[in-house]
Amino acid sequence: MTFAASAQAFALAWLALAVALEVIGTSLLKLSDGLKRRLVGALGVLCVVGAFAALAQAIRGMDLSVAYAVWGGVGLVLTAVVGSLAFGQRIRPAGWLGIALVVAGVVALKLF
């Protein structure tokens with residue numbers, strides 16, 4: 001593996017960590033009941049801060065626009081899925097259309 005390829009792999013790993021921490025942190029914030037459950041809320045905030053730290057590492061090895069779009073887009077989709085499965089939240093067809101448009105935008109940004 002060349003240096004450029006390994007740098008890209010590390011950037012993608014950091015980006016994946018950023019997405020995971022953001023989804024976990026947001027889910028914990030939901031579980032904290034408006035920060036009434038302080039420990040759960042504090043863990044959620046720490047995960048969100050960790051997500052930004054991991055994103056900062058990811059953008060060292062990839063374009064900011066791509067990293068941020070992927071982080072936001074994938075985070076949005078996964079958070080919607082977690083909200084549906086874990087919290088029983090219903091996403092209407094128009095909401096799924098909006099999510100699809102975000103995903104299409106991220107793909108277009110990466111490809112073009």
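Helix 1 covers residues 3–31, and at 1.5 Å a residue its 29 residues should span 42 Å, which agrees with the 42 Å between its end C-alpha atoms. The expected span is 1.5 Å times one less than the number of residues. Helices here are DSSP runs (H or I, at least four residues), numbered from the N terminus. The model is predicted, so local features need pLDDT of at least 70 and side-chain atom pairs count only at pLDDT 80 or more, while totals for chains, interfaces and linings use all residues. Residues are numbered from 1 along each chain as its sequence is written, and side-chain values use heavy atoms, with hydrogens and water left out.

Val19, leaving aside its neighbours within four places in sequence, is in contact with Val70, Trp71, Val74, Gly75 and Leu78; contact means heavy atoms within 4.5 Å.

Val19 also belongs to the largest nonpolar core, a group of twelve residues that includes Leu15, Leu55, Met62 and Trp71. Such a core is a set of buried Ala, Val, Leu, Ile, Met, Phe, Trp, Tyr and Cys residues joined through side-chain atoms within 4.5 Å. Helix 1, helix 2 and helix 3 each supply at least two residues of this core, and the largest share, five residues, comes from helix 1.

Just after helix 1, Asp33 takes a positive phi of about 55°.

Terms used: Buried means under 20% relative accessible area, exposed over 50%, partly exposed in between (1.4 Å probe, protein chains only).
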